[in-house]
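Good morning, and thank you for coming. Please look first at the sequence and the structure on the screen; I shall then go through how the parts pack together.

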Amino acid sequence: MQQDDLRIKTKLAKALNSEYTYKIFADYLEITANAFYNWLQGYYNLSRDKANKLNDIVVDLIDY
């Protein structure tokens, strides 16, 4: 899975589900909100495990 694709899916999932915040995603991944925002900006990539975990939830949110 490409990190840039995951970033796009994450932004789409948030746009479609306004009750979810990026802080909720960060808490789910057990990282700080600041680290999550930095990841969204492309400053670094998530580990494979965290990326897979995030992908699972955003796909569910998009398909919902």
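I begin with A26, which counts as buried because its relative accessibility is 0%; buried means under 20% relative accessible area, exposed over 50%, and partly exposed in between, with a 1.4 Å probe and protein chains only. What we see is a predicted model, in which local features need pLDDT of at least 70 and side-chain atom pairs count only at pLDDT 80 or more, while totals for chains, interfaces and linings use all residues. Residues are numbered from 1 along each chain as its sequence is written, and side-chain values use heavy atoms, with hydrogens and water left out.

A26 lies in helix α2; helices here are DSSP runs of H or I with at least four residues, and strands are runs of E with at least two, numbered from the N terminus. Leaving aside residues up to four places away in sequence, A26 touches I31, T32, A33 and F36, where contact means heavy atoms within 4.5 Å. Between A26 and F36 there are 5.7 Å from C-alpha to C-alpha, and the two are ten residues apart in sequence.

Helix α2, residues 22-29, packs against helix α3, residues 33-40, at an angle of about 105°, with the axes 8 Å apart. Axes are lines fitted to C-alpha atoms, for helices over the stretch in contact, and angles run from 0 to 180 degrees between N-to-C directions. α2 is therefore roughly perpendicular to α3; that term covers 65 to 115 degrees, with under 35 roughly parallel, over 145 roughly antiparallel and the rest oblique. On the α2 side Y22, K23, F25, A26 and L29 take part, and they meet A33, F36, Y37 and L40 of α3.

A second pair is formed by helix α1, residues 3-16, and helix α4, residues 48-63, whose axes come within 9 Å and cross at roughly 40°. α1 is therefore oblique to α4.

What is the size of the largest nonpolar core? It has 17 residues, and those with the most contacts inside it are F25, F36, L46 and L54. A nonpolar core is a set of buried Ala, Val, Leu, Ile, Met, Phe, Trp, Tyr and Cys residues joined through side-chain atoms within 4.5 Å. The elements α1, α2, α3 and α4 each give two or more residues to this core, and α4 gives the most, with five.
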